[in-house]
Structures are given as C-alpha cells and as structure tokens.
Amino acid sequence: MAMKTKPGAPLAELSAPVWFGHADQVIRANLWQLLRALPRAMGLVARTAWRADRAAVALGFAAQVVSGLVTAVGLLAVTGVLTSLFVAGPTPERLVAAAPSLAVLAAAYAVRGVADTVVSGATLRLRPKVRHRVERDLAESMSRIDLITFDEPDFHDALERSRHAGMDAVDSATHQAIVVVGGLIALAATAATAALLHPLLLPVLLLSVAPETWATLRTARLEYEFVATTIETRRRRSLTTDLLAHKESAAEVRVFGAQPFLLAEHDRHSRVMEDAQIALGARQTRVALLGRGLSGVGIGLAYATLGWLLYTGATPLAVAGAALLAIRTVRASLTQVVLAANRMFEKSLYISDLLAFFAHAESRTRQPTGRTAPADPEVIAVRGVSFGYPGAAKPALADIDLTIRRGQVIALVGENGSGKSTLAKLLAGLYQPSEGSIAWDGVDLTTVDAPSVANNVAVVMQEPTRWPLTARHTVTLGQPDRWDPDDHYLSQVARDSGADTVVTTLTHGWDSLLTTRFRDGHDLSGGQWQRLSVARALYRDAPILICDEPTAALDARAEAAVYESLRTLQSGRTVILITHRLASARHADLIVVMHQGRILQTGTHTHLLATNPHYADLYTLQANSYRDDPSPSI
Ligand SMILES: Nc1ncnc2c1ncn2[C@@H]1O[C@H](COP(=O)(O)OP(=O)(O)OP(=O)(O)O)[C@@H](O)[C@H]1O
C-alpha cells in the first residue's frame, strides 16, 4: 500500500469544528446559570417567531394558557368528584352528586385536547417559517457583504457557526421554547391549584419531583458531554467515508489502493465511538438508578406528609386524592420543562453567535447612499491608490496612478503576484482602495451604490465560477431579462467565445444542467468552462469589460477566436485585459507594466519595447519560444 501513515496516528490537521465551540460552557453550566439564561434565549426566539408569523404565535400562546387553565379546572373537578364520592350514603346518590363535577372534568379534558392540538398545529406552522425567515436573512446578509470581508479568516469562522449550528439552533429553540412555555404554564396552574387546596401541598410536590429533576438534567449533560467529546472522532470517521463517497477522490482511492487504509481508519474511529457510547449508557443507567431511588424516597416522604395531613384531619380525603393526581402532573411538566430549558440554554449560545454574525455582516456592508455611478464613463481616473488585503504584511498595490479613457484597450502585464488581478477588482468596484481614489467622470466610486458600478462592468474571471446551472443560465445570468428573441444574442456570443461548440456536445443543448451532482447533469473541461465565462461576459453587454487571463485555459483556435471577438466588440467599449501572453497585449492602446504592486511603466508596445528592458526581455523570451531557431532577436 502506498500510504505510510501509521494506523492509530492522530490526524493532526483536524480540530473540533468551529460550530461546536460552546461545548464546555454547556457542560459546566449549573441549574442557576441555566435558569438565568432562559429568559434571554426565550426572548430571542419569541422576537424571531413574532416577526415570522404573529397569528401562529398568538394562537399557540393562547392555546397554551387555555390548556394550563383547564388543567387547573380539571384538578379542582377531581376534588369535587372525590368529595361527592367519599361522603356517606347510597352509591347511586353519591354518583348523581358527583355528576356535575364529572361533567366539568370531561369538558376540561376535551378542551385541553383541543388546546394541545392547536399548540401542535401552531408549532408545525411556526418552525419552518422561523427557520426560513432566518435562513433568508442570512442569505441576504451574505449577498450584500463587501467582497473584502471574504478575505478575513474570522469571518469564515463566524459564517460557519451561523450557517450550521446557528440555523439548527433557531429551529430547535423554537420547538423548545414552546415546550418550556407550555410546561411552565401547566406547572404554575397545577402548583397554584395544589397550594389552594392546602398550602403544605406545594412543598410536598417539590419534594417529590426534585430527584427526578436532578436525574433529568444530569442525563442530558452526560449525553451532551458524549457528543462534545466524540465530535472530532465522528468527524474523522465521516472524513474517511467522504473520501470513499466523493467523485473527486474516488479515482485516487482506487489508483493508490487506499481502500484498506480508509476502512481501517473507519473501524478505528467506530471502535472509539462504540466504547464511548457504551460507557455513556452505563453512566446514564447509574444516574437513572440513583434518580429513581431518590425519587422513591421523595415520593415516599410526600405520601407520608399527605398521610399525616389526613391523619390530623388537616386535609380531607378528596383533597389528598387530587394531590396525588397533582403530583403526577407536576412531575411530567417539570421533567419536560427542565429538559427543554437545558436544550434552550445550549441553543441560545449558538443563536447569540448568529446575532453577532448579523451585526458583524451589517458593519461590513456598505449602506446605500442613493447615489449612482455615471453610466458608461468617459474617464476612469485612478489616483494614488494603495490597497492591502486583511492581515497581509505588505500592500498588494501602492501608489497607482492611471487614466483610462472610454473605448481604450488597456493591458495589465507583469509577473505573478504583481497586483494585476487586484487592480482589476478595484477598477470593477469590488474592492475599495485603502488610500487614494478611483473616480468615474470625477465621481469617487466609494460615494456611490455598489450595484450601480457593477451594472457597467462585465468580468471574465481568472478562475471562473463553475455555476451548477443550465448552460443557458450560466451564460445569461448577468442579464437574465435581456430581450433576446430566438436566442439571437445568445447564439452570437456563443460563436464569439467558442461556447457554441461546447453546447452542441451537450445532450439537452442550452438546457443541459452543468453539474454531475444531479441526474442528467454534465461536467465540462477547464477550457470549456472558460469559453462559457467569456460568453457570459459578452452577453452582459456592459460598457467596461475586464478580462483576467480570459484565454489561459483555451486551445490555440479558441484563443484566436476570443481575441478576434474582443477586437470586434471593442468598438465603444473600454477593455481591461490581464494577460501573460504579451503577443495578445501588443495591440492594446496602453500597456501597464506592473511589478510588486506598483506601475513600472506605461506605454504602447513599440514604446515599451524600446524603453523598458524588463518588458523587452519578457517579450523576447516569449517570442523566441515560438521560433524554430530561438535566436535572441525579435
Ligand atoms: N485574497 C488575498 N488575500 C491576501 N493576499 C492576496 C489575496 N489575493 C492576492 N493576494 C496577494 O496580493 C498580491 C497581488 O496578487 P494578484 O492576484 O493581484 O496578482 P496578479 O498579478 O494578478 O498575479 P497572477 O499573474 O499570478 O494572477 C500577491 O502578493 C498575492 O499574494
């Protein structure tokens, strides 16, 4: 086997996922912290739910109150029934006397059934709405955020937390919040009724449920601790199965014979999980045993107190009977509330992350100014522009001065990392300068709304996005509403970019799906994707066209076709062309030679060849590589 990794050795590159950051806090939280955090978490959920569907919130809450009230009424009715049954006299008469209370009891049960169903209905309606609302908010916030934010490492951490844990937390917390509210109302109603029957009944109730509360909380903590401590193992295990499952790795897995290694890794991690799970089961059983034991003692004490109340005549027999029922109801409600509160506490931490992300995203989003950039600008003036990526030691661009006039073809040339793509992104309004200004017809781009700049620009990216859409949408997405009867423009840009020969090979032509992740989908070669990206830029029909290495992945014929169409298209358009092939740049009106983030010189091809040794050297080197006799002349 080619792989030499020692089985059992840790996979050092992995750590716990960012979205699992609150494990310690949850495990260590005590009951008091949990109770204190509850109102805040409930508030968060309530506000989101209220925004999502006010009617469902109001209806659900009203039904919960009704359910709590009828529980209390039912308990009082039980007392009435028992009082009537426990008096001396013939049974038929006692039954008749108990009938009104029995009727109330039956009505209470019926109403409670209806109320609980309404609560379930409201929950079912509310959960997807709340989730979709927050998902939409997150998607919108991501869509508006400044591009530069994507270069901040902390941003990705926060985004991951929000997208995964945050979103699930909102969904789960909505459910838990409803359970907590319902449980608390039922609890309050039962406890108040019990206290009404006899004040001593309240401590009796608490005594009977305290051990169960402890055991419930402890069991939940153990489970959470298990998830927290095994999360990395679980991820490692899924990493190995992902390698077996994904198309990207399937070929290498086979060619390197990595299956036995990956299966062994899978088994190793499974064993760790298995052991941990069995240990969890044992600990939970011990806690449950202790809880049950203590609960038995608690209930025993509660019954003894009840017996004493009966013995001393402080409580009638009927009230004691109702108290027994109250003990059962309270125990069920309290267990429910404690479990749900525990989950709410955990979820609230992730919801806080989500809210923090929204605030961060807002601070990284340019607020609309209502001002728009001049359409099809006459002059693009770059003055004293510097720009640095977040966290980078050196600026990517420094002291850039450049004037671009409408209709010119500007070629940016220079070695790798000299700042060409960065300058192009600034010209496209995607980044803002750290110093200096970029102005269109005298209007500083930082003072106008970003979409108004984007409307004037089409870009062929160095590494175009492989849009998993149909071929048609991949090309037309920059101007989906363009009036294009009989696909006239679509066919034309396809011819100009060479995309037509790609589309004719697809089973469903323009309607073919360009991803193999779905049935009937296609994947394309790097060059084919690039042809589509050129077609997309041409279809957008914008006055400023930025081409970042538009032909790097194209074969010679396609490259010639693209440059031919750029020449045709050029009339009236401003073209900014980034290229390493200096032969493609020689016809540009202005060539900008960049070096280490600065402009070394600008000029025409002839001028630079004569005056700039750096440019002349590069050009000669490339020209010679196409000669049969590579002599150093041009
Ligand atoms: N997202 C980024 N974060 C940090 N630094 C970056 C980022 N993108 C580029 N850089 C750095 O900025 C500098 C300029 O990069 P740029 O991509 O503009 O160069 P380029 O001239 O287009 O290079 P190439 O010819 O390789 O495409 C380089 O030093 C690069 O390492």
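User: Which residues are the closest of those that surround the ligand?

Analyst: This is a predicted model, in which local features need pLDDT of at least 70, side-chain atom pairs count only at pLDDT 80 or more, and totals for chains, interfaces and linings use all residues. Residues are numbered from 1 along each chain as its sequence is written. The shell holds 13 residues, and the closest are Tyr389, Ala396, Asn416, Ser421 and Thr422.

User: Which element gives the most residues to the shell around the ligand?

Analyst: Helices (H or I, at least four residues) and strands (E, at least two) are DSSP runs, numbered from the N terminus. With 3 residues in the shell, the top contributor is the run 420–427, helix 10.

User: Which strands does helix 10 lie across, and at what angle does helix 10 run to strand 1?

Analyst: Contact means C-beta atoms, placed from the backbone, within 7 Å. Axes are lines fitted to C-alpha atoms, for helices over the stretch in contact, and angles run from 0 to 180 degrees between N-to-C directions. Helix 10 lies across strand 1, strand 2 and strand 4 (435–440), and its angle to strand 1 is about 125°.

User: Which strands stand at the edges of the open sheet of 4 strands?

Analyst: Two strands pair if DSSP finds at least two bridges between them. The order is 2-1-4-5, with antiparallel pairing. Each edge strand has a single partner strand, so one side is left without a neighbour in the sheet; these are strand 2 (397–405) and strand 5 (443–444).

User: What is the bridge partner of Val379 in strand 2?

Analyst: Strand 1 (residues 379–387) and strand 2 run antiparallel, joined by 6 bridges. Val379 has as its partner in strand 2 Arg405.

Terms used:
Near = placed C-beta within 6 Å. Contact = placed C-beta atoms within 7 Å.
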